[in-house]
Amino acid sequence: MSQSATTDQKTMLTSTSGKAESLWADAWKRLKKNKASVVSGIFILIMCFIALFAKQIQPYPFDKQDITQILEGPSATHWLGTDNLGRDLLSRLIYGARMSMAVAIFTAFVSLFIGAVYGAISGWFGGKVDAIMMRSMDILYSIPALVLMILVMVAFGSVELFDNPELKAMTGIFLALSIVGWVSVARLVRGQVLQVKEMQYVEAAFAMGASQFGIVWKHIFPNILGPIIVTLTFQIPANVLFESFLSFIGLGLQPPFSSWGVLANEGWRSLRNYPHLIISPGLAIFMTMLAFNLFGDGLRDAFDPKLKNR
Amino acid sequence: MRKNYKVITGAVIVGSILLNIFFDLFEFEGFLPSAMLYVSLISGAIGATILIVKENLLVYVAKRGFEAFVTMFVIATATFLLLRFLPGGPFDTEKALPPEIKANVEAKYNLNAPLIEQYGLYISGLLRGDLGQSYKYIGRSVTEIIAQAMPATFKLGFYALLIAFIIGVPLGVIAAYKHNTWVDNLAMAGAISGVALPNFLVGAILILIFALYFRVLPAALWESPTHYILPVLTLGLRPISIIARLTRSSVLDVIRSDYIRTAWAKGLGEKVVLFKHVLRNSLIPVLSISGPLIANVMSGSFVIEVIFAVPGMGRHLVQSVNNRDYPLILGLTLLYSVVLIFANLIVDLLYSIVDPRIKLA
């Protein structure tokens, strides 16, 4: 069928009923109606912007110490106060966004890629391949996520690969999070592929002589992309949280570098007398996670309105 | 008759668990509490056995058991190799040890034997329940350390899950019942915030309010039931929110289903429909999430134990990582995995009892 014919049909239908739009346009329309999602989406964009231009935005260098202004509360010069070495907390928070967001988003995409490929192979071939692949994945699944991450951090921590401590911690956290993250994506993709591969259009493509890879890539993936994107939106906040866990218990990034987990750890130690030090990184994590969760909810409803209210 | 044994074993298990909680919270010690613990364990085992035999699940359970065994074996091997091949041993202190002493120390922990022999020793020890000697706590075996730390972690996790169900389910039901009113909106706003709040922030705020400002609750340690309150609340918040949201959506689904319409049409009373038909059916998906929830609570308990200085396994794991106490890391990893695998099996079995539509095979 030629491209123009379908477009014509589409415009015709749109002009009469106004409902025959592609799944994506439809989803976009529904998403725009959901106020919480729109606000969250904007918030996420702002956070990404802050993370990207952290070095330009921060009012003071994140590791600049000022011994004359130690542990001060919020003021006009230091909006969020200063820590025990006189470093500006707002600058550290902004600089910390770099680490937290980068790790969270990058890891989500990598686990998406690995999980999608693994799950698609497993689901598409089925039978013995599927059984073996799923069994070996179950082994990873039976170790609690944080224990697995800690093991990876221990192993990676003793390998001398990088001179830059920031890069080293980032790679370590990234590896630890990816090893845990791809499993759930692989399960989801496998389940979806198992469902979709029985569809008639797949059979039709097969009958027309399309290659296996072509079918999976061109016919199956576009149809299961919705749930995958939704999973992705829920993985990012989980990653933000795990990064902060790891840094909080002292396994991730170390001071003077900054991530939200590092700040939380530092704030925790002076909770008794200087609670402002833990409240602001805590709130930063909370708002980011809330935004991603709300956005994910909206996205899920937008892709599948039947699921609304879940 | 078919139903009787389920009801009886269920009642015995629930009853003895309640008694255990009672003993624990009112700090009874001695013969009776430990006897009750055994009663609940044994009755649970007997009930499970009867169930497995009667429902023809023997093959299924044997299969799962075998899978669990293989999984544990693989995890043990992988962790063992991972930790042995790491550069930098636990005895690399700042001060170099004299070679003779170092050789002695290594001989004590079998570190100078060939790898395959070390591995054989390790696995045969595992089968006997011997996890080796701790590197850090000289003279204490890993099994001993873990046995000492286990009660605190289990209690913390158990109570967190308990309050999650006790608070989360009614919250979700009420929200669904008052669908699209301010009650619903408030409950769901609370639930979504509960999922997004990081543990240490919740812990910090609770400590600031109850321990430092009002001075009514202890801020740390694990000595009496009053010490339980803050850590359990902090750990329970996320599960409460997850359960509340799930219960709500599940109740909303069930309310709209045909059999509920039938129940109304038959002229059944509101109470009967709500409790017997709606609630029972909508709790099935809630039960199915308990597996992931247990894993969630396990991960969460690490941070909680560090924050509240609870002398449990999570804190030991964090410390053993910093101490490079490899036997302890290995032992804790294995134990956590065993608990998770076992919990998932129990959840799957429970699931098949509660929902006869599900057939395990």
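Chain B and chain A bury about 3,800 Å² between them, 78% of it on carbon and sulfur atoms. Buried area is the accessible area (1.4 Å probe) that two parts lose on being put together, summed over both. The model is predicted: local features need pLDDT of at least 70, side-chain atom pairs count only at pLDDT 80 or more, and totals for chains, interfaces and linings use all residues. Residues are numbered from 1 along each chain as its sequence is written, chains are lettered from A and ligands numbered from 1 in the order in which they are written, and side-chain values use heavy atoms, with hydrogens and water left out.

In the interface, 47 residues of chain B are in contact with 39 residues of chain A (contact: heavy atoms within 4.5 Å). Two salt bridges are found across the interface of chain B and chain A (a side-chain nitrogen of Lys or Arg within 4 Å of a carboxyl oxygen of Asp or Glu). The side chains of Asp297(A) and Arg245(B) form a salt bridge, at 2.7 Å from N to O. On the chain B side, α3 (58-85), α7 (182-196), α8 (199-213), α9 (225-255), α12 (290-307), α13 (313-323) and α14 (326-354) each supply at least two of the residues that touch chain A. Helices are DSSP runs of H or I, at least four residues, and strands are runs of E, at least two, numbered from the N terminus. α8(B) gives the largest share of this side, nine residues. By class, the side of chain B that touches chain A holds 30 nonpolar, 10 polar and seven charged residues. Ala, Val, Leu, Ile, Met, Phe, Trp, Tyr, Cys and Pro count as nonpolar, Asp, Glu, Lys and Arg as charged, and the others, Gly among them, as polar.

The largest nonpolar core has 141 residues. Such a core is a set of buried Ala, Val, Leu, Ile, Met, Phe, Trp, Tyr and Cys residues joined through side-chain atoms within 4.5 Å. Buried means under 20% relative accessible area, exposed over 50%, partly exposed in between (1.4 Å probe, protein chains only). Ile150(A), Trp260(A) and Ile207(B) touch the most other members. Helix α10 (residues 212-248) of chain A contributes the largest share of this core, 14 residues. Ile207(B) touches residues of both chains, including Trp268(A), Leu271(A), Leu230(B) and Phe308(B).

Chain A has 12 helices and zero strands. Of its 310 residues, 49% count as buried.

Technical notes: Lists of a residue's contacts leave out its neighbours within four places in sequence.
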